[in-house]
Amino acid sequence: MATIQTIQKKERLFFAMENQKYDTYVFTEGSTPGLMGPTMKAELPGVANTCRTTESNSSLLFSYNNKPVFAGGLYADPSIFSMFTLPFVQGNARSAFAQLHSVVITEKTSKKFFGNDKDVLGKNIRVDNKQDYVVSGVIKDLPANSSLQFEWLMPYQIYFDQSPWLKSWGNQSTATYVELKPGVNAETINKQLFNYIQKREPRALGHAFLFAMNDWHLYGDFKDGKQTGGGQIENVRLFSIIAWIILLIACINFMNLATARSEKRAREVGVRKVMGAGKGSLIGQFISEAVFMAFIAAIIAVVAVSLVLPAFNELVQKQLTIGLGNPVHVIALVVITLICGLIAGSYPSLYLSSFNPVTVLKGLKLKNSSASFIRKGLVVTQFTISIALIICTVIVYQQIQHIKGRQLGFNKNNLVEMDLQGDMARNYYAIKQDMLNTGNISDVALADHSIIYGGNNTSELTWEGKPPGSKVLISQRYVTPEYFAAAGLQILEGRNLTIQDTIRKPIRMLITQTMEKLMGKGSAIGKRMHGENDTTSATVVGVVNDYVYGNMYGKPDPVMFFSVAPKDASVMYVRIKPNAGVEKTLSAMQEVLKNENPAYPFDYRFVDDQFNRMFTSEMLVSKLSRLFAALAIIISCLGLFGLAAYTAERRTKEIGIRKVLGADVAGLAGLLSADFLQLVLLSCVVAFPVAYWMMSKWLNKYQYHIGINWWVFVTAGLAAVFIALITVSFQAIKAALANPVKSLRSE
């Protein structure tokens, strides 16, 4: 997808989204009606093309030469090949979906299915042990950073024909991509789309709009129906700022050490001025030296980065490269190096070039109180940044652990989830009994959606006492009666669902506590609910505890549970007993499914692993924050170490006199360390309110978050003082242990 054609077209590619307004918020989603794409292309003059796909990858079983393999992919319209310019290795875009039962695969998938066979075009492969499909094309593997990821593509028409609900404008379960004609303004199309769905389904809440391809990855955050300007770009901004801050800390080290050792170059400056050198030429000389050192550092940095890049890629789960073959990268490196050199050399060059030649050549002591003050200010700046980073790192880690330890309302541990494949639905009761007979499993259940993610929802329900005009988004779950025990949900009132509840009229249902509160005061048992334009009602027979799904930082949303027949379910849940061996239990499960569903390989996932993967981005931020905080502290301490060494050198005679007069090593070390520790303590005073403000703002993005504890600041401050003390003490003790005879013999 990272082709020239795609780049040329990206300004005209959009993703169709909807804003749905409810009582207390606006919900923005990427689900649209299945009929919307073709209708837009036919009716809106500014639309050049549209493409429909399924919303997420479907995992299907592919069999070739009796070798079954699972692979995930999308159902898509043929226009996907021209809109996204997917490069074909075999076949072509025009004939890719000429047949209904055809499949286009990636090069990697081709190896997965057919091994080293290079010519796979026209081969037949069986899908889900039901239908043969012909391989009509092979495309290049998608880049790892592509927004669309799939192993195969099949015609969307297959999915459309199998899903009658897609023919309704009131159903949103399709992803729709839109290509505009050259010169067409997206805002013009958005005005036409605002009530586009309502003209065909008056009860629909969703108002459609176009979301630009340029913003898909980095600017995908919405609030109240509008882009906030946030999303993944916030992480880019965060670490870009931190990178510049670390460079600034390094530049401060150069400034401090250059001005501190100014006396070493004072005579050179004096001689040059006497020989006719102007202030401008001296400034140019010192800045040139700083820039030269910056370029040497840049070369070393490139070598160092090339060595540590494999480990960094492993950390961030990316395939980053230095990219020196790209002229833009080289120019950026040169510019950054120049900026660093200019910043680092700016103050020292101005300071050194201002020396009076008469004063320095007479050997008189330089009056550098202003330089000393600035050096101290720079040290405070360094440690303020470092301490703030330590505090932020700790709070980010605490927030992640807080949400990962949140009481979800269900038990995610030892819970196995499997897609319902092949004969698993038909043989459900046999599978359930065989698994229970292993002795390691307590419950087996079916559901229509994964417990940890979102599922079907609706706002077109009403009940007695519901305020007129109120719109509440309510989730619907279809489950077997064993689901609540398997998931660890508690029935607080009433009874469980039964198999008979799938056919009884009126329909029976269980609801969560949040839903019960929406239905009014008192118990909800016996209360009824029905569609706004439907007389078919459902009666509440039980209430279960609230649980969190979808957005783990949000509040529990209202949920309704209905009984489902096995043939209408899509996932199976298996609860492993706490003391059972996991590997032994999985082997037993595999044996059961081998007997009852022999045509399909054993495929499973743990719910707690799914839960942990929901925090991949936050965990990455936490790891990188720790890394950068450590780097900032190390660089700050290197500068402090150099200043301490220089200070000890300047005060050699003073230390010698004090030792002769009876001062001990501890007293001398404390004397030399005191000034620096005062600077670190001042840094704490500055860093604490800054870090508090930054992290309060960050935490407020989440509904469910920690409070900021005072001990985090104390710990960070003590850590900074301790690190600084160790850094300075080495030089201080070394100076205090020196023989005073050597330092005083010239006096």
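**Reading ring pairs and helix packing**

Author: Welcome! This is a predicted model, and the structure holds 37 aromatic pairs.

Reader: Thanks! How is a pair of aromatic rings described?

Author: A pair of aromatic rings is described by two things, the distance of the centres and the angle of the planes. Take F84 and W216 here: their ring centres are 6.4 Å apart and their planes stand at 55°, so this pair is tilted.

Reader: Where in the chain do F84 and W216 lie?

Author: F84 belongs to the loop between α3 (80-83) and β6 (88-90), while W216 is in the loop between β12 (206-212) and β13 (222-223), so the pair ties together parts that are 132 residues apart in sequence.

Reader: And are F84 and W216 buried or exposed?

Author: F84 has 0% relative accessibility and counts as buried. W216 is buried too, with a relative accessible area of 15%, because buried means under 20%.

Now try another pair, F611 and F615. Their ring centres are 5.0 Å apart and the planes are at 70°, so we call the pair edge-to-face. F611 is buried at a relative accessible area of 1%, and F615, at 1% relative accessibility, counts as buried as well.

Reader: Which residue lies over the face of F611?

Author: That is K412, at 4.9 Å from the ring centre.

Reader: Which residues do ring pairs link into a cluster?

Author: The cluster consists of F62, Y64, Y75, F113, F114, W152, Y156, Y159 and F160.

Reader: Let's turn to helices. How are two packed helices described?

Author: Two packed helices are described by the angle between their axes and by the distance between those axes. In this structure, helix α13 (residues 428-436) packs with helix α16 (residues 582-596) at an angle of about 150°, and their axes are 10 Å apart. That makes α13 roughly antiparallel to α16, because angles over 145 degrees count that way. The crossing of α13 past α16 is right-handed.

Reader: Which residues make the contact?

Author: From α13 come A430, I431, D434 and M435, and from α16 come M589, V592, L593 and E596.

Reader: How many helices and strands are in the chain?

Author: The chain has 22 helices and 26 strands. Of its 747 residues, 47% are buried. Among contacts between residues at least 6 apart in sequence, 76% join residues at least 24 apart.

Technical notes:
Residues numbered from 1 in each chain as written. Predicted model: local features only at pLDDT ≥ 70, side-chain atom pairs only at ≥ 80, totals over all residues. Heavy atoms only, no water. Phe/Tyr/Trp six-rings, centres within 6.5 Å; stacked < 30°, edge-to-face > 60°. Helix = DSSP H or I, 4+ residues; strand = E, 2+ residues; numbered from the N terminus. Buried < 20%, exposed > 50% of the residue type's maximum accessible area, 1.4 Å probe, protein only. Lys NZ or Arg CZ within 6 Å of the ring centre and 35° of its normal. Axes fitted to C-alpha atoms, helices over the stretch in contact; angles between N-to-C directions. Parallel < 35°, antiparallel > 145°, perpendicular 65-115°, else oblique. Left-handed = near helix turned anticlockwise from the far one by under 90°. Contact = heavy atoms within 4.5 Å.
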